[in-house]
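Biologist: Before we go into details, could you take me through this model one question at a time?

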Amino acid sequence: SEAVERNGISWRLKVYPSGSEIVRGAFISVFLELHTGQDEPSKYEYTIQMVPLIAPNGDGISRKFVSTFVIGECWGYNRFYRLESLERDGFLVNNRLQLEFSVRHASCYYLAKDQEWYIRKLVRESEQLGEQLQDESNVEDPRSKVFCGTGASPSDESISSENAPVPPPS
């Protein structure tokens with residue numbers, strides 16, 4: 001799936017419709033991947049749910065677990081659901097299947113750790129943006145030059161207090 005981002009951390013659902021290597025042809029395999037986030041491992045509680053397309057208010061299949069993730073690592077289920085039962089049980093309709101997932105921190109410790117990382121990341125990005133804006137504002141725009149005097153260029157006539165414009169008397 002496309003990555004879903006929240007507070008600097010993004011997740012992807014990886015689905016193997018015919019099953020992963022060890023269960024190919026027997027089960028649908030579903031995994032959750034930590035796509036981007038901090039470099040240190042963090043523990044998350046995640047739920048992967050398959051929603052029935054026939055009788056969508058009916059009971060879905062839900063799997064919940066807690067795992068320690070690092071970027072690029074996947075956790076999930078090789079044997080999420082039997083392929084032979086998908087259509088019969090109303091999960092597969094017109095070659096379409098609906099999966100949903102939710103993720104939350106396993107404890108306040110990991111929540112605080114990720115929030116601290118995200119705040120530091122935002123501060124770094126803000127500082128970099130400020131530096132870029134400062135650099136751009138220091139670039140001289142030739143269209144903004146103003147010449148004073150008789151119409152000659154500044155190289156032809158120096159500007160001093162003697163020939164500088166004077167405000168009218170009040």
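Biologist: Is Asn94 buried or exposed?
Modeller: This is a predicted model, in which local features need pLDDT of at least 70 and side-chain atom pairs count only at pLDDT 80 or more, while totals for chains, interfaces and linings use all residues. Residues are numbered from 1 along each chain as its sequence is written, and side-chain values use heavy atoms, with hydrogens and water left out. On the scale used here, buried means under 20% relative accessible area, exposed over 50%, and partly exposed in between (1.4 Å probe, protein chains only). Because its relative accessible area is 76%, Asn94 counts as exposed.

Biologist: In which loop is Asn94 placed, and what is its phi?
Modeller: Elements are DSSP runs numbered from the N terminus, helices being H or I with at least four residues and strands E with at least two. On that numbering, Asn94 is in the loop between helix 1 (83-86) and strand 7. Although it is not a glycine, Asn94 has a positive phi of about 50°.

Biologist: What is the phi of Asn95?
Modeller: Asn95 is also found in the loop between helix 1 and strand 7, and it counts as exposed because its relative accessibility is 75%. Asn95 is a residue other than glycine, yet its phi is positive, near 60°.

Biologist: How many aromatic pairs does a search of the whole structure find?
Modeller: A pair of aromatic rings is described by the distance of the centres and the angle of the planes. Here rings of Phe, Tyr and Trp (its six-membered ring) pair if their centres lie within 6.5 Å, with planes under 30 degrees apart counted as stacked, over 60 as edge-to-face and the rest as tilted. Searched in this way, the whole structure has aromatic pairs numbering nine.

Biologist: How many residues apart in the chain are Trp11 and Tyr44?
Modeller: Trp11 and Tyr44 form an edge-to-face pair, 4.8 Å from centre to centre and with 85° between the planes. Trp11 belongs to strand 2 (residues 9-16) and Tyr44 to strand 4 (residues 42-51), so that the pair links distant parts of the chain, the separation being 33 residues.

Biologist: Why do Trp11 and Tyr44 count as buried?
Modeller: Tyr44 counts as buried because its relative accessibility is 4%.

Biologist: Which partner does Tyr16 have in an aromatic pair?
Modeller: Tyr16 is partly exposed, with a relative accessible area of 37%. Its aromatic pair is edge-to-face, with 5.9 Å between centres and 80° between planes, and the partner is Phe31.

Biologist: Which residues do ring pairs link into a cluster with Trp11?
Modeller: The Trp11 and Tyr44 pair described above belongs to this cluster. Besides Trp11, the residues that ring pairs link are Tyr44, Tyr46 and Phe69.

Biologist: Over the ring of which residue does the charged end of Arg63 sit?
Modeller: A charge sits over a ring if NZ of Lys or CZ of Arg is within 6 Å of the ring centre and within 35 degrees of the ring normal. The charged end of Arg63 lies 5.3 Å from the centre of such a ring, that of Phe80.

Biologist: How many salt bridges does a search of the whole structure find?
Modeller: Side chains of opposite charge can pair when their charged atoms come close. A salt bridge is taken as a side-chain nitrogen of Lys or Arg within 4 Å of a carboxyl oxygen of Asp or Glu. By that rule, the number of salt bridges found is seven.

Biologist: With which residue does Glu45 form a salt bridge?
Modeller: Glu45, in strand 4, is 59 residues from its partner in strand 7, and it counts as buried because its relative accessibility is 18%. The closest N and O atoms are 3.3 Å apart, and the partner is Arg104.
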